[in-house]
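Here are my notes on this one, jotted down as numbered points. Have the model open while you go through them.

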Amino acid sequence: MPGWSETTAGITDFAALPENAKAYVKRIEQLIGVKIAILSTGPDRDETIILEHPYA
């Protein structure tokens, strides 16, 4: 798959990710057959994208 050169550090909104990063996440979901709930974009707790509440 095509990669991306833009940094994703600190992004907290899925829509703000580079297009190829979003496509990568969607492809991983297809391959594993499970929706991804949380993405980490850095080492800090607030550098997280919640796609779906994990306890809902």
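**Notes on the helix, the core and the surface**

1. K22 counts as buried, since its relative accessible area is 14%, and buried here means under 20%. Keep in mind that we're looking at a predicted model.

2. So what does K22 pair with? The partner is E19, and the closest N and O atoms of this salt bridge sit 2.7 Å apart. Both residues belong to helix α1, where they are three residues apart, or about one turn of the helix. E19 is exposed, because its relative accessible area of 56% is over the 50% cut-off.

3. How many salt bridges are there in total? The count is two. The other pair to look at is K26 with E29, whose side chains meet at 3.7 Å, N to O. That falls within the 4 Å limit for a salt bridge. K26 and E29 are also in helix α1 and three residues apart, so about one helical turn separates them.

4. Is E29 buried or exposed? E29 is buried, with 11% relative accessibility, while K26 is partly exposed at 38%.

5. Now the overall layout. The protein chain has one helix and two strands, in the order α-β-β along the sequence. Helix α1 covers residues 19-32. The C-alpha trace spans about 35 × 25 × 20 Å along its principal axes.

6. On to the inside. Of the 56 residues in the protein chain, 23% count as buried. The largest nonpolar core has eight residues: I11, F14, L17, A21, V25, I36, L39 and I49.

7. Which residues does I11 touch, apart from its neighbours within four places in sequence? They are A16, L17, T41, E47, T48 and I49; L17 and I49 are core members too. For the chain overall, take the contacts between residues at least 6 apart in sequence: 31% of these join residues at least 24 apart.

8. The accessible surface of the protein chain is about 4,200 Å², and carbon and sulfur atoms account for 54% of that. M1, W4 and Y24 make a nonpolar surface patch of about 340 Å². Y24 comes from helix α1 and is partly exposed, with a relative accessible area of 39%. That value lets Y24 count towards a patch, because patch residues need over 30%.

Methods
Residues numbered from 1 in each chain as written. Predicted model: local features only at pLDDT ≥ 70, side-chain atom pairs only at ≥ 80, totals over all residues. Heavy atoms only, no water. Core = buried A, V, L, I, M, F, W, Y, C linked by side-chain atoms within 4.5 Å. Buried < 20%, exposed > 50% of the residue type's maximum accessible area, 1.4 Å probe, protein only. Contact = heavy atoms within 4.5 Å. Patch = residues over 30% accessible without salt bridge, like charges linked within 9 Å, V, L, I, M, F, W, Y side chains within 5 Å. Areas by Shrake-Rupley, 256 points an atom, 1.4 Å probe, with all protein chains shown as cover. Helix = DSSP H or I, 4+ residues; strand = E, 2+ residues; numbered from the N terminus.
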